[in-house]
Amino acid sequence: MPSEVTTPHELLEVLKQVKYPGFSRDIVSFGIVRDIQIGSRGVTVELGAPAADDAVVDQIQRDVRAALSAATELPIEIAVERAARPAAVGPRPAKTGIPGVRSVVAVASGKGGVGKSTVAVNVACALAAQGLRVGLLDADVYGPSVPIMLGITDDRPEVRQDRRIVPIEKYGLRAISMGMFVGERTPVIWRGPMVTKLITEFFKNVEWGDLDYLILDLPPGTGDAQLTVAQQVPLAGGVIVTTPQDVALLDVKRGITMFNQVQAPILGVVENMSFHVCSGCGRRAEIFGHGGGEAMAREAGVPFLGAIPLVRAIRAGGDAGVPIVVADPQHPQSRALIEIAGAIRVQIDERAAGMPTHSH
């Protein structure tokens, strides 16, 4: 006989054990559970299913029913709000103002040193590995690190006769960075308007071709320069990268404010360097504290996209010019980053299908 659960909050905790099919993350953190009510007719659960296959939706319903049946003897009713499937025929029209580009996703951080570029590069590679057409625009003109991370420091983009710039292709990505136009050790000291002009050039004058996603690696910080960059094109959403320390979490609030100012949906928060995994014994040590990013996301009402462990491999891979999701897709860090990329896709698919997205 199941131990009786009596409140919607307790039932929500039960549903946190239900994984989204194909991911190790749960359906609550994915925003699939819209509402839970306990009334005279029993338990009513409202699910918002993304534009996913029928098999995925059926699996979620079965798993929800099984989890709730183990927690309560009340009758269970599951209502599913389905998103309209995007039409599969023909290319989708671009809504970004960049010809051929469907969705621009900006990756931001309140300050430098939190691994924002590492997240941007690896998420872009993870999306490309899923067969999507992906571009990567390194808008961090003051410290462009994307060429180093992709191992393309000696490559120079072709500038055609019509002055269109052809991006460098690597690991299935089309990439452009200020670092491709100036030397790695050349300091870039520019005023704000010049930065804006350059970024506009990258948006409008690069031959991106047809892309499902253009990942935009914003400069660190959330000031006027970042706002201006984010205003250049309509964003499908913004991702905020932080670390567990309290000081970094204050910066998350600034990032949320910035994306709100440009009316960009916040796809979620990523907590980098979340915990350390000992290479010898495999034990997990939370040397910077843990869970701050998730708590901050919950408090701000935005999704938590995932936590990335701190191990040497991600830094070594970046320095060697091979992102970790390419070098070792089965590594714990790679798995975390691949799931974050998947969570971003789910958020964008839901929004594109006109579904409300919620966070718990």
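# Helix packing and selected residues

Helices α3 and α11 are roughly perpendicular to each other. Their axes cross at roughly 75 degrees and come within 9 Å, and angles of 65 to 115 degrees count as roughly perpendicular. The model is predicted. The protein holds 11 helices and 15 strands, and 50% of its 360 residues count as buried. Among contacts between residues at least 6 apart in sequence, 72% join residues at least 24 apart.

**Packing of α3 with α11**

- Two packed helices are described by the angle between their axes and the distance between the axes.
- Helix α11 spans residues 332–352, and helix α3 spans residues 116–129.
- From α3, the residues that make the contact are V119, N122, V123, A126 and L127.
- From α11, the contact is made by L337, I338, I340, A341, I344 and R345.
- Sorted by class, the residues of this contact are nine nonpolar, one polar and one charged.

**L127, a residue of α3**

- L127 belongs to helix α3 and is one of the residues through which α3 meets α11.
- Is L127 buried or exposed? L127 has a relative accessible area of 1% and is buried, because buried means under 20%.
- Leaving out residues up to four places away in sequence, L127 touches L132, V134, Y213, I215, A341 and R345.
- Of these partners, A341 and R345 belong to the α11 side of the helix contact.
- L127 and D212 are 85 residues apart along the chain, and their C-alpha atoms are separated by 9.4 Å.

- Helix α1 covers residues 8–15, and its buried residues include L11, L12, V14 and L15.
- Why do these residues lie on the same side of α1? They cover an arc of only 155 degrees around the axis, which puts them on the same side of the helix.
- Helix α2 covers residues 54–69; the axes of α1 and α2 come within 9 Å and cross at roughly 125 degrees.
- The crossing of α1 and α2 is right-handed.
- L11, V14 and L15 of α1 make the contact with V64, A67 and L68 of α2.
- The contact of α1 with α2 consists of six nonpolar residues, with no polar and no charged ones.
- L11, V14 and L15, which take part in this contact, are among the buried residues of α1.

**Q61, a residue of α2**

- Q61 lies in helix α2.
- Q61 has a relative accessible area of 24% and is partly exposed, because that value lies between the limits for buried (under 20%) and exposed (over 50%).
- Apart from neighbours within four places in sequence, Q61 is in contact with L47, I78 and V80.
- Q61 and I78 are 17 residues apart in sequence, and their C-alpha atoms are 7.3 Å apart in space.

**V241, a residue of strand β11**

- V241 sits in strand β11, which runs over residues 237–242.
- With a relative accessible area of 2%, V241 is buried.
- Which residues does V241 touch, not counting residues up to four places away in sequence? The partners are V107, A108, S109, V114, G115, K116, V119, V270 and N272.
- One of these partners, V119, also takes part in the contact of α3 with α11.
- V241 and A108 are 133 residues apart along the chain, with their C-alpha atoms separated by 6.2 Å.

**Residues with positive phi**

- Most residues other than glycine have a negative phi.
- R163 is not a glycine, yet has a positive phi of about 70 degrees.
- Where is R163? R163 is in the loop between β6 (158–159) and β7 (165–166).
- R163 counts as exposed, at 59% relative accessibility.
- Y171 is not a glycine either, and has a positive phi of about 55 degrees.
- Y171 is in the loop between β8 (168–170) and β9 (173–177).
- Y171 is partly exposed, with a relative accessible area of 27%.

Terms used: Residues are numbered from 1 along each chain as its sequence is written. This is a predicted model: local features need pLDDT of at least 70, side-chain atom pairs count only at pLDDT 80 or more; totals for chains, interfaces and linings use all residues. Side-chain values use heavy atoms; hydrogens and water are left out. Buried means under 20% relative accessible area, exposed over 50%, partly exposed in between (1.4 Å probe, protein chains only). Helices (H or I, at least four residues) and strands (E, at least two) are DSSP runs, numbered from the N terminus. The arc is that of the directions from the helix axis to the C-beta atoms. Axes are lines fitted to C-alpha atoms, for helices over the stretch in contact, and angles run from 0 to 180 degrees between N-to-C directions. A crossing is left-handed if the near helix is turned anticlockwise from the far one by less than a right angle, and right-handed if clockwise. Contact means heavy atoms within 4.5 Å. Ala, Val, Leu, Ile, Met, Phe, Trp, Tyr, Cys and Pro count as nonpolar, Asp, Glu, Lys and Arg as charged, and the others, Gly among them, as polar. Angles under 35 degrees count as roughly parallel, over 145 as roughly antiparallel, 65 to 115 as roughly perpendicular and the rest as oblique.
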